[in-house]
Amino acid sequence: MGGREAPLVLTLASGSPRRRALLEALGYPLRVVPPGVVEEPLALPPQELALALARRKGEAVAGEWVLAADTVVELEGRALGKPKDLEENYTFLRWLSGREHRVHTALYLRTPKDLVVEVHTAKVRFRSLSDEEIAWYVESGEGLDKAGGYGAQGLGMALLEGIEGDFYTVVGLPVAQVFALLWARGFRP
């Protein structure tokens, strides 16, 4: 009984609504499976931390085509993860104010034929922020579920002076690279 091949489905090993929305905007058929991995701080340099966490998330989820990502903000060699509360969010933004930092987003892509694990980096410069501006942003609550305590695609756009590199790396998923990796392996949206 010859039948049609089952359509490919990309399993997104992430609970991030931003990553999901970006992939859905491209038209990928998705199955979203939050990996249930605790993003505990590991004693690793920021780039390696992002890679280790992306790998951990991807390995925790079953599927033929699995994509996971993790984003780490680096300020002077120190990794800034998701703030644990509003006070830590305030502290992160005070540190970032008027300074440049790096954002590392690691990708883990497992396909039926291979595995790709890589990291992409962008530089971000914050404006010099007043205490009142920081308090306004922190009180929005937007930064609590984001590395470094801010989101470049939301209210956080008002905090930024510039980005050098891929904007979507800062958002948490280097979309063009994901698209290219999937396309090269025959996975079309």
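Which helix holds the place of Leu86? Leu86 sits in helix α3, residues 86-96. The model is predicted. Strand β3, residues 66-75, is mostly covered, with ten of its ten residues buried. The structure holds eleven salt bridges. One of them joins Lys57 to Asp70.

**Leu86 and its contacts**

- Leu86 is partly exposed, because its relative accessible area is 43%.
- Beyond residues up to four places away in sequence, Leu86 touches Val138 and Leu144.
- Leu86 and Leu144 are 58 residues apart along the chain, yet 7.2 Å separates their C-alpha atoms.

**Strand β3: faces**

- In a regular strand, side chains alternate between the two faces of the sheet.
- Val66, Ala68, Asp70, Val72 and Glu74 point one way from β3.
- Leu67, Ala69, Thr71, Val73 and Leu75 point the other way.
- Both sets are buried.

**Strand β3: partners**

- β3 pairs with strand β1, residues 10-12, in the parallel sense over two bridges.
- Thr11 has Val66 of β3 as its bridge partner.
- β3 and strand β5, residues 100-110, run antiparallel and are joined by nine bridges.
- Val72 stands opposite His104 of β5.
- Strand β4, residues 78-80, pairs with β3 in the antiparallel sense over three bridges.
- Ala79 in β4 is the bridge partner of Glu74.
- β3 and β4 form a hairpin with two residues between them.
- Glu76, in the turn of this hairpin, has a positive phi of about 50 degrees.

- Side chains of opposite charge can pair when their charged atoms come close.
- In the salt bridge between Lys57 and Asp70, the closest N and O atoms are 2.7 Å apart.
- Lys57 lies in helix α2, residues 46-59, and Asp70 in strand β3, so the pair ties together parts that are 13 residues apart in sequence.
- Lys57 and Asp70 are both buried.
- Arg19 lies in helix α1, residues 17-26.
- Arg19 is buried as well, yet has no salt bridge.
- What is the nearest side chain of opposite charge to Arg19? That side chain is Asp70, 5.5 Å away.
- For a salt bridge, a side-chain nitrogen of Lys or Arg must lie within 4 Å of a carboxyl oxygen of Asp or Glu.
- Leaving aside neighbours within four places in sequence, the contacts of Arg19 include Lys57, Ala69, Asp70 and Thr71.
- Leu12, Ser14, Gly172 and Leu173 are also among the contacts of Arg19.

**Other salt bridges**

- Glu88 and Lys84 form a salt bridge, with the closest N and O atoms 3.6 Å apart.
- Lys84 counts as exposed because its relative accessibility is 65%.
- Lys146 and Asp145 form a salt bridge, with the closest N and O atoms 2.8 Å apart.
- Lys146 is buried, because its relative accessible area is 11%.
- Asp145 has 34% relative accessibility, so Asp145 counts as partly exposed.
- Arg18 joins Asp145 and Lys146 in a network of salt bridges.

**A nonpolar patch**

- Ile163, Phe167 and Tyr168 make a nonpolar surface patch of about 230 Å².
- Ile163 belongs to strand β7, residues 160-164.
- Ile163 counts as partly exposed because its relative accessibility is 31%.
- Patch residues need over 30% relative accessible area.

Methods: Residues numbered from 1 in each chain as written. Predicted model: local features only at pLDDT ≥ 70, side-chain atom pairs only at ≥ 80, totals over all residues. Heavy atoms only, no water. Patch = residues over 30% accessible without salt bridge, like charges linked within 9 Å, V, L, I, M, F, W, Y side chains within 5 Å. Areas by Shrake-Rupley, 256 points an atom, 1.4 Å probe, with all protein chains shown as cover. Helix = DSSP H or I, 4+ residues; strand = E, 2+ residues; numbered from the N terminus. Buried < 20%, exposed > 50% of the residue type's maximum accessible area, 1.4 Å probe, protein only. Lys, Arg positive; Asp, Glu negative; His and termini not counted. Contact = heavy atoms within 4.5 Å. Pairing = 2+ DSSP bridges.
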